[in-house]
Amino acid sequence: SWDEPVIRVQTQERLFKPPEIDVPVDANFAGYVSFLGYDLSEMKVDPGAVLPVTLYWQARRSIGADLVLFSHLIGPDGKQWGGQERKAQDNYSTIVWAPGEVVADTYSVQVDPNAPPGTYYLLAGLYLPVGEAPVSLPLVENGQMTGITHVTIGPIEVIEAGETIAQ
């Protein structure tokens, strides 16, 4: 029968008021997206474990581009020991974010099993994939674009493998 829908599209309700955020931040990425802060339930993690994190973003205006969110786990040696590049909520393109919309993005960062113990930071930002050279969105401070293209989350301690994590 032609009366039955072929496809059902279910959308989640858009959020325009920021929820309670554990660590509020106010960072402006190129006048397009604000980083509102993050929730980080674990401050210590074993090598090879996953680090759950929620990042809160807000569209400052219509974005009109499919931006990629990145989070890179950087160790005391300056090397990347985990992280990923992805769309918010795995498939929620910034093209469809409404001006003022708050997007809560919860995911897990895989820590490299060989990550040495020490203090790490998660660097988060957005970029526009353009051919072989992605263009990162710079932070705006005092109305001026800066050379900074990420916010810093942490510190996060990667502990000695086998050491117990006291709760």
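This briefing covers the sheet, the salt bridges and a surface patch. The model is predicted, so local features need pLDDT of at least 70, side-chain atom pairs count only at pLDDT 80 or more, and totals for chains, interfaces and linings use all residues. Residues are numbered from 1 along each chain as its sequence is written, and side-chain values use heavy atoms, without hydrogens and water.

**Sheet**
- Six strands form an open sheet in the order S7-S4-S2-S1-S10-S11, with antiparallel pairing.
- Strands here are DSSP runs (E, at least two residues), numbered from the N terminus.
- Two strands pair if DSSP finds at least two bridges between them.
- The edge strands, S7 (102–110) and S11 (144–145), each pair on one side only.
- Seven bridges join S2 (residues 33–40) to S4 (residues 50–59).
- Phe35 has Trp57 in S4 as its bridge partner.

**Salt bridges**
- A salt bridge puts a side-chain nitrogen of Lys or Arg within 4 Å of a carboxyl oxygen of Asp or Glu.
- By this rule there are four salt bridges.
- One of them links Glu101 and Arg14, with the closest N and O atoms 2.5 Å apart.
- Glu101 lies in the loop between S6 (80–86) and S7, and Arg14 in the segment before S1 (23–29), so the pair ties together parts 87 residues apart in sequence.
- Arg86 forms a salt bridge with Asp105 at 2.6 Å.
- Shared partners join Arg86, Asp90 and Asp105 into one network.

**Burial**
- Buried means under 20% relative accessible area, exposed over 50%, and partly exposed in between (1.4 Å probe, protein chains only).
- Arg86 is buried at 8% relative accessibility.
- Asp90 is exposed at 58%.

Conventions. Helices (H or I, at least four residues) and strands (E, at least two) are DSSP runs, numbered from the N terminus.
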